[in-house]
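Colleague: Please take one part of this model and look at it closely. Then place it among its surroundings.

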Amino acid sequence: MKTNGTLLVQLSKGSERVTITSKAPGKLFIAGEYAVVEPGHGAIVAAVSRYLTVTINEATSVGTLTSTQNPDLVVEWTREGELFQAKGEHPYKLVEEAILVAEQYVRECGTPTNALYSLSITSELDDAKSGIKYGLGSSGAVVVATIQAVLDFYKTPRTPLLVYKLSVLTNLRLSQRGSFGDIAASSFRGMVYYTSPDRSELLVKLQSQTIKEICDSDWKDLTIVRLPKIPDFTLLVGWTGQVAITDSLIQATEKKRKVATDSAFYKEFLKKSHAIVQGLQSAWKNEDIPALQEGIRANRALLNQFAQVMQLEIETPALQTLCDLAEQVGACAKTSGAGGGDCGICFTQNEHQRQQIETQWAKAQIQVLPLTIAEAW
C-alpha cells in the first residue's frame with residue numbers, strides 16, 4: 001500500500017492479477033458561481049468528504065464496466081489493437097471517454113495499452129437508498145477517479161494538475177458545459193481558488209495536438225491554488241430535499257448570456273464576482289474571518305441580483321430559509337453551485353453556533369449533511 005498524490009492507491013499482486021483502487025471526493029462551490037464559466041474568472045471550490053471509488057481488476061478474456069447504481073448492468077469491452085472498445089450502447093459514456101483519454105496519454109508516454117480489466121464504480125455522492133443526488137459533483141468525480149485508476153494501472157506518473165487536465169479534455173471531447181471547478185476540487189482536494197481555462201483555445205488544440213502535448217503546455221487563464229484550513233471557520237452543509245438540474249440551469253443561463261454578454265450589467269457582474277472571489281482568496285490566506293463573512297454575504301447578494309436580471313431561480317424558498325436561519329445566529333450563508341435546489345452552505349465559528357443552526361434547520365426540514373473538507377492524502 002502506498003500514498004500517491006491525492007489518492008490512496010492499493011496494489012495487490014497475486015500470480016496473475018492486479019487491483020487498483022482510486023477515490024475522488026465530491027465538491028461544493030463556496031463562491032463565484034456562474035461567473036466562473038468565463039475564462040479567467042474565479043471561484044472558491046471545496047472538495048468534501050464523500051467519495052466516488054473506481055476499482056480496476058486485471059482481467060483475461062473480456063473487460064467489464066459496472067456500477068453500484070446499476071447493479072444488474074454489466075457492459076463488456078474488448079480491444080481493437082490497443083484501443084478500448086465497448087460492446088453496444090451503454091450509460092457509461094463519460095467513463096468510456098475518460099478511459100480513452102487516459103490510455104491515449106499512457107501510449108503517448110511510451111507504454112502499450114494491451115491489458116483487459118474490470119472497472120467498477122461505487123459512489124457515496126448520492127443517497128444510498130433513494131439514489132437522490134445531493135449536487136456533490138458525481139460526474140466530475142467519476143472522471144477524476146477513472147483517470148487516476150487508469151494511470152496507476154499502467155504505472156504512469158501523475159500529479160493533481162495532470163489529472164485535472166486529462167479530466168477536462170475528457171469533458172471537452174464530449175462537449176460538456178461548465179467551469180470544471182468540480183474537477184479542480186476533486187483532483188486537488190482541500191479548498192481551492194480556481195479560475196477556469198480558455199476552453200475555446202483547448203478545443204482548437206484538440207484538433208491538432210496530442211493529449212500529452214496539450215497537458216504539457218500551460219493553459220491560458222487557468223489557476224488552481226489550495227487554500228489553508230481555518231480552525232474557527234467550519235463548513236456546515238444543508239440539503240433542501242430539492243434536486244437541482246445544473247445542466248438545465250447552465251443552458252438557460254447561456255441562452256440569456258448570449259444576449260446579455262455585451263450588456264453593462266453582465267460585465268459588471270463578472271467584475272464584481274471576480275473581485276469578491278479574489279478578496280475571499282486573500283482573506284483565506286490571512287485567516288481573516290470578518291473579511292470571509294463579508295465576502296460570502298456579498299456573493300450571495302450578487303447572485304440574487306444576477307438571478308433577478310437573468311430570470312433564474314437560484315435561491316429557492318427552501319434555500320432562502322436555510323441561509324436566513326444561519327444568518328440569524330451570526331453565520332454567513334449562501335447557496336452552493338447553480339442553485340435552484342440541492343445544497344446551501346454556511347460557516348460556523350463555534351460548536352454552540354453550529355448546534356443552533358442544526359436545530360433550526362431540522363425544524364425547517366433541512367437535512368444536515370455530515371461533510372467536512374476532504375484534505376489531500
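Modeller: I start with the whole chain, then go to an open sheet, and then to other parts.

This is a predicted model, in which local features need pLDDT of at least 70, side-chain atom pairs count only at pLDDT 80 or more, and totals for chains, interfaces and linings use all residues. Residues are numbered from 1 along each chain as its sequence is written, and side-chain values use heavy atoms, with hydrogens and water left out.

The protein has 11 helices and 15 strands. These are DSSP runs, numbered from the N terminus: helices are H or I with at least four residues, strands are E with at least two. Of the 377 residues, 55% count as buried. Buried means under 20% relative accessible area, exposed means over 50%, and partly exposed lies in between (1.4 Å probe, protein chains only). Contact means heavy atoms within 4.5 Å. Among contacts between residues at least 6 apart in sequence, 74% join residues at least 24 apart.

Now the open sheet. It has four strands in the order β13-β14-β12-β15, with antiparallel pairing. Strands β13 (332-335) and β15 stand at the edges with a single partner strand each, so one side of each has no neighbour in the sheet. From one strand to the next, the twist averages 30°. Two strands pair if DSSP finds at least two bridges between them.

Take β12 (residues 234-239). Five of its six residues are buried, so the rest of the structure largely encloses this strand. On one side, six bridges join β12 to β14 (residues 343-348), and the two run antiparallel. Here L236 stands opposite C346 of β14. β12 also pairs with β15 (residues 367-369), antiparallel again, over three bridges. G238 faces V368 of β15 in that pairing.

Further along, four bridges join β13 to β14, also antiparallel. C346 of β14 is the bridge partner of A333. Helix α11 (residues 351-363) packs on this sheet and touches β12, β14 and β15. Its direction makes about 5° with that of β12. Axes here are lines fitted to C-alpha atoms, for helices over the stretch in contact, and angles run from 0 to 180 degrees between N-to-C directions.

Another enclosed strand is β5 (residues 42-59). There, 16 of the 18 residues are buried, so β5 is largely enclosed by the rest of the structure. β4 (residues 18-31) pairs with β5 in the antiparallel sense over 12 bridges, with A24 opposite L52. β9 (residues 116-123) pairs with β5 over eight bridges, antiparallel too. N57 stands opposite S118 in that pairing. Five bridges join β5 to β10 (residues 191-195), which run antiparallel, and V45 stands opposite V192 there.

Next comes β6 (residues 63-67), which holds S67 and T66. S67 is buried, because its relative accessibility is 7%. T66 is partly exposed at 24%. Leaving aside neighbours within four places in sequence, S67 is in contact with Y92 and I121. By that count T66 is in contact with L73, V74, Y92, L119, S120 and I121. T66 and S120 lie 54 residues apart in sequence, yet their C-alpha atoms are 4.7 Å apart. A polar atom of the S67 side chain lies 3.1 Å from the backbone nitrogen of Q69.

Two helices complete the tour. In α5 (residues 199-208), the buried residues are R199, L202, K205 and L206. Down the helix axis they fall within an arc of 110°, so they line one face of α5. The arc is that of the directions from the helix axis to the C-beta atoms. On the other side of α5, V204, Q207 and S208 are exposed. Cover for the buried residues includes α3 (160-173) and α6 (211-216). L162 lies in α3, and counts as buried at 10% relative accessibility. Not counting residues up to four places away in sequence, L162 touches Y105, L151, P157 and C215. L162 and S187 are 25 residues apart in sequence and 8.8 Å apart in space, C-alpha to C-alpha.

Notes:
A polar contact is a pair of N or O atoms within 3.5 Å; within protein, one must be able to donate a hydrogen and the other to accept it, and residues adjacent in sequence count only if both atoms are side-chain atoms.
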